[in-house]
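Student: I want to learn how to read salt bridges in a protein model. Where do I begin?

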Amino acid sequence: MKTILNKGIILFLTVILFQAKADDGYRLWLKYDLLKNSNKVAEYKRFSGFIKNQFPTTPIIQTAENELKKGLSGLLGVTFSKTIKTSGGIIFQRDNSIPKEGFRIEAKNGNIVISAQDDKGILYGSFELLRQIQTENTISNINFSSSPKIQLRMLNHWDNVLGTIERGYAGSSLWKWYELPENIDPRYIEYARANASIGINAVVLNNVNASARFLTKEYLAKVKALADVFRPYGIQVFLSINFASPKILGKLKNSDPLEPEVKQWWNEKAKEVYSFIPDFGGFLVKANSEGEPGPQEFGRTHADGANMLAEAVKPFNGLVIWRAFVYGPNPKGDRYKEAFNEFKPLDGQFAKNVIVQVKNGPIDFMPREPFHPLFGAMPKTPLAMEFQITQEYIGFSTNLVFLPSLFKEVLESDTYVNGKGSTVAKVVDGSVHNYPITAIAGVANTGSDRNWTGHFMSQANWYGYGRLAWNHEISSEQIAEEWTKMTLTKDVNSQKIIKNILLSSRETYVNFTNPLGLHHIMGQGIHFGMEPWLEKSARPDWTAIYYHRADSLGIGFDRTANGSNALGLYAKEVQNQWNNPQTCDLRYLLWFHHVSWNQKLSTGKTLWDELCTRYYSGVSEVEKLQNDWSKVKGNVDEEVFEDVKGRLSAQHREALNWRDACVLYFQTHSKQPIPVPFIKPERTLEEMKKIVEIYQLK
């Protein structure tokens, strides 16, 4: 009996110890575990005796104090004293010369001084100080200043009232609508902390395909409860609205934005919303797109619809964010051009409190797209960038893809609208056109999964988006390094390996899915996997053949003056980069040209041989990711290691599916053999089609 008891005790202690060590991902990058570097700990402790606040004590200041105490207690094992001394602590200090929400951190007179114009700056400065300590940087002589380049740094949630998330791959919605407002899930606070730590200051709570239910009194009380949780973290709440709400909720005959009774309905609704939430941010609108109602149903323009709403929220300093994602089902047209054609003529017609939100590329969040031609084309209308953090077209939750590399690629693209250096980033931050309002949005990848994002490594995409929204000049390398140090391991060699895994992962995904500028060849409906043979759908521009246009002569969409002339929407300098198929960047080749299978490329290979090479190399690159990940075993949490290892195995299977399906399908057009040294897939094209059919079954 004694032996059994001893074994039981040992098993119990083993389980407890394992649970203490195991990392389920819940803490994200806000891990305040005791640092092991004794020299660094000694340095940091010299400034961790007390916190002296020279600001009025607002809820945001209190949040900053609490976070510093929580963080430094965990990282350093210190307890803060209530006694304020002349040195050895952290001081919050006002400095009106610092831009709004910005901060300066400096070592001064034996203290660390965090200076800011406002309490939000103190909050962001406090998180930055913690980041410096988490990443074990020297702070003894720190003199670091930072302020946001973009005013409104948003997460857009595509969450629905029933708890589902459109294009969400990490469980159900964070928002438990049926429990609100009475029950406040502690997870809401953790979510707010994470966002504040990376400078996100606004969230849209619900799907752009919006239910009118969110504008009812019952749901406004629920939204208020969330706004109250987020406010101490400097986060403002917005709602997506259904444009037909006056008809749905108000029982009006229609929702024509120029009808007086419709205007009045929105005016009264805005008053009601702000009576619940005085600092409510405003409305996000998807209208006349993919079946959503909008002003065009009544012969009105997007500007008519946006301005009517803008007038309703103007007395409360509210904003209207109007999405430019629109396209009509024109089999002879080019979806690439449609948002430009609808919005460019409206430049200057929008009210001053309207922002037009534009996706990063002209089609729909592809693994790689040219930057949207609207950037630089609307100098009189503030344009917001819309990125997708959730991996709708980029492997769901089974693929490791580091998206800051994609975000940086787009932001650094040069529009040339005001000469060289007129990058997309500088359009969005207002410096090219002097926009009075600036905004950036990311479609959130969060959900109810314990680790928030499904794939553990996808946390880096949420983190990286926030860091770039704050400062688009930060490099992908810096983001990968920070996140790895804060989230995964303190082992220097493992940090380097993981950093390289992250930085190479996006190109790997492009290679085994959409190389050389192929796009929109994913599975129908759920957008999972590959379906390059798709030729029939509810709309022609939902098929794959609409985009790749493969035939016996070649492949690719001719968007030059000889084709759709979408390339003509850009400045001449941009056109010159992509206009000649002989010199076009291979990353965008098939976006703009229908290229012969036998055309020799800059790599020395024919198009067909290069296409096959990219698909086969993509699979090999996934194998390298797997091998590199195996090298960090023992230096990252075992639970995290095994989870990522399993997902990389799934990614390898999916990469093989993409490769085999695409080379076999495109071979039916090229009529050419798989080039040496690659071996022809063992599976047939018909077998690959059967695999895809599984995902279309009801």
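Tutor: Begin with one side chain. This model is predicted. At 5% relative accessibility, lysine 286 counts as buried, because buried means under 20%.

Student: Which side chain does lysine 286 meet in a salt bridge?

Tutor: First the general idea. Side chains of opposite charge can pair when their charged atoms come close. Here the partner of lysine 286 is glutamate 290, at 2.7 Å from N to O. Glutamate 290 is partly exposed, with a relative accessible area of 34%.

Student: How many salt bridges does a search of the whole structure find?

Tutor: The search finds 44. One of them joins glutamate 67 and arginine 193, with the closest N and O atoms 2.6 Å apart. This pair links distant parts of the chain. Glutamate 67 sits in helix α3, arginine 193 in helix α5, and 126 residues separate them.

Student: Are glutamate 67 and arginine 193 buried or exposed?

Tutor: Both glutamate 67 and arginine 193 are buried.

Student: What about glutamate 409 and arginine 587?

Tutor: Their side chains form a salt bridge at 3.3 Å, N to O. Glutamate 409 lies in helix α11, and arginine 587 in the loop between α17 and α18, so the pair ties together parts 178 residues apart in sequence. Glutamate 409 is buried, at 15% relative accessible area. Arginine 587 is partly exposed, at 33%.

Student: Which residues are linked with Glu409 and Arg587 in a network of salt bridges?

Tutor: Arg368, Arg506, Glu507 and Asp585 are linked with them in that network.

Conventions
Residues are numbered from 1 along each chain as its sequence is written. This is a predicted model: local features need pLDDT of at least 70, side-chain atom pairs count only at pLDDT 80 or more; totals for chains, interfaces and linings use all residues. Side-chain values use heavy atoms; hydrogens and water are left out. A salt bridge is a side-chain nitrogen of Lys or Arg within 4 Å of a carboxyl oxygen of Asp or Glu. Helices (H or I, at least four residues) and strands (E, at least two) are DSSP runs, numbered from the N terminus. Buried means under 20% relative accessible area, exposed over 50%, partly exposed in between (1.4 Å probe, protein chains only).
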